Amino acid sequence: MTSPKQHHLHLMKRPKHEDAQGSESLLVEAQDTKPIRSRARRGGLSLLPTMSLDVLFEIFGFLKPLDLLSLARTSKAFRNLLMRKSNAFIWRASRSLIPNFPECPPDLSEPQYACLAFDPHCHNCHGVGFNIIWQFRVKYCGPCLRIHTNMEPAYSKPVITRLCPNLTELLPTYIFRDLRLRFTEMIQTSQYEALSLRLNGLDCADQTLVIEETKKAARAIREHADACKAWLSGVIRARSDELHQIREARKQVIKDWLETEGWKPEIDYHTWWKISKHRAIKDSRPLTTRIWSRVRPILTEYMSEMRTIRMEETLYNSRRRILLQAWIDFLSEPASFPNTDVDVLPHVADVARFKPFDDIIRSPAHVVVERDTFLPAFVALPNLVRNWRRQVDQQLAAIITNGYPKDYVPAGDIRQLATSVFVCNACEQLFFWTDAVAHNCSLDFPKSSSKEKNDSFKEQVTRIAYYSLGSSPWSPKFRSSTVLAIHVIRSCCQDPRTATLAHMDNTSGPFYCFACHPDGQTVMHWRKGLEHNHLHNNRDQAFEGSKSRLQSQLLSGRPPRTYRCLLCRRSVGAGRLLRSMTCHIEEQ
């Protein structure tokens with residue numbers, strides 16, 4: 001009894017003949033060189049095609065349809081084997097591994113059906129696509145689906161035959177929803193053209209038979225498509241439930257660990273619903289030992305930030321308000337400030353960041369902080385204010401220096417020069433050095449980009465302090481207007497390199513604008529002329545909607561927006577409106 005003949009799958013064919021000269025050269029080359037033994041990579045599948053077909057068929061029976069598709073794309077040998085019609089039983093065995101998966105329709109082969117259901121690529125652009133149209137046996141990505149690839153509305157096509165005027169009964173339809181949430185019944189253009197050619201030239205009896213066959217086929221396609229949709233929605237629902245259970249189990253484990261580590265006050269204050277939004281907590285992967293070792297330090301850092309935010313909102317904010325009231329009382333005292341030459345005091349938002357004041361604000365929770373608690377910190381205030389003013393002057397000097405023309409070197413103290421002119425980026429007003437330090441817009445909270453939905457941790461802490469003190473720490477929001485000041489000073493026959501503010505106030509002549517007042521009767525001080533020239537430049541560059549506002553500012557003298565009391569100490573942002581200033585003077 002002879003053993004059955006074993007069938008093997010070979011990937012390469014041996015060449016039929018070999019050139020004589022080439023074989024001789026190969027022999028000579030083989031004699032000169034030593035044979036090199038290649039080490040086969042352990043675990044490779046290079047010998048898989050040489051196995052017998054029975055063993056391969058047994059292995060293929062344990063593979064999913066997507067695995068068979070991937071295997072058929074590895075080599076021509078596997079493709080010829082798996083795509084052979086006689087080997088469709090391999091795909092049926094693989095399809096049986098998927099529970100509740102509908103049978104293969106008669107209009108598709110087994111590989112086509114597996115590709116439609118499990119291959120993640122778009123049938124049009126070969127990108128990643130998840131929109132399966134079971135009625136048309138195609139899969140599209142988002143852009144290709146919006147373009148309506150090979151699809152047209154059913155109402156846009158003329159009636160093929162009067163025997164069946166409704167195209168939706170003859171052809172499969174797909175309900176498409178556009179960006180405006182409008183629903184349209186779509187048909188496939190190729191199916192419509194094929195049916196038109198088939199009915200063309202037939203008599204009424206033959207057309208009736210064709211129409212009945214087409215209706216029956218369309219009905220079968222709809223039923224099979226409904227079954228596939230039900231199967232797919234069940235798979236999605238089961239996977240969603242599985243991921244939900246994994247997330248909930250992960251959240252519970254993390255919550256128990258956080259409570260044992262002492263983070264329960266943060267969980268109670270911020271609520272577990274908010275804390276569980278962190279990506280390390282809401283992840284759908286199970287907590288293994290390796291993942292847990294990587295997630296633990298991330299959670300510790302995150303909960304430390306949550307604790308800082310809780311302390312800022314519940315404890316530090318109340319202490320900042322106490323400091324604010326103490327600072328208001330300090331500013332209402334007479335304007336003498338001994339042992340310092342600082343003409344403008346910082347805002348309370350900067351004072352709260354000075355180390356002696358910040359240490360009191362961030363003292364432990366059991367320490368009682370009152371107004372008298374900040375008195376020792378006020379003793380060191382002159383040196384702190386002097387250091388703060390030095391940093392502010394450095395930032396303003398950098399802005400002015402960057403605005404100098406090429407090869408321009410000023411002489412003297414840059415803070416006293418008349419060319420040190422700033423323009424606020426927010427309100428477009430002109431300021432000299434001291435007025436720029438005291439300007440209110442320097443205390444506004446910086447606007448974050450609209451693309452950033454969530455603020456960073458530092459921005460959240462800064463925003464909390466901003467709402468408690470009414471402003472943010474001082475930050476320059478200016479640009480230099482030195483070139484414009486040089487032009488105005490030269491028109492006064494003065495040297496812009498050495499001209500100071502006091503010198504220009506004493507020696508400059510009157511200005512008048514021919515553009516606004518051709519009669520020349522309205523004259524202005526040089527500072528007003530500088531601002532007038534700046535408004536003219538802005539009017540030339542402004543949009544149409546703001547030109548009328550700038551024109552009205554040019555023609556009429558603009559009164560100051562805010563006023564300050566000379567009897568009180570001057571600080572950043574200490575300007576008052578006219579009504580509040582009147583009340584303040586009456587109180588004093």
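I shall begin with the protein as a whole and then turn to one helix and to several salt bridges.

This is a predicted model, in which local features need pLDDT of at least 70 and side-chain atom pairs count only at pLDDT 80 or more, while totals for chains, interfaces and linings use all residues. Residues are numbered from 1 along each chain as its sequence is written, and side-chain values use heavy atoms, with hydrogens and water left out.

The secondary structure comprises 24 helices and eight strands; these are DSSP runs numbered from the N terminus, helices being H or I of at least four residues and strands E of at least two. Of the 588 residues, 39% are buried. Buried here means under 20% relative accessible area, exposed means over 50%, and partly exposed lies in between, with a 1.4 Å probe and protein chains only.

Let us turn to helix α3, residues 65–72. Which of its residues are buried? They are Pro65, Leu68, Leu69, Leu71 and Ala72. These residues span an arc of only 165 degrees around the axis, so they lie on the same side of α3; the arc is that of the directions from the helix axis to the C-beta atoms. The cover over the buried residues of α3 includes α2, α4 (76–82), α5 (88–95) and α6 (110–118), where contact means heavy atoms within 4.5 Å.

I now come to the salt bridges, of which the structure holds 20. The term denotes a side-chain nitrogen of Lys or Arg within 4 Å of a carboxyl oxygen of Asp or Glu.

One of them joins Glu103 to Arg95, with the closest N and O atoms 2.9 Å apart. Are these two partners buried or exposed? Glu103 is exposed, at 56% relative accessibility, whereas Arg95 is buried, at 7%.

In helix α11 (residues 264–270), Lys264 and Asp268 lie four residues apart, about one turn of the helix. Their side chains form a salt bridge at 3.2 Å, N to O.

A further salt bridge links Asp329 and Arg371, whose closest N and O atoms are 1.9 Å apart. Asp329 belongs to helix α13 (residues 289–331) and Arg371 to the loop between α15 (355–361) and α16 (375–379), so the pair ties together parts 42 residues apart in sequence. Asp329 is partly exposed at 26% relative accessibility, and Arg371 is partly exposed at 41%.
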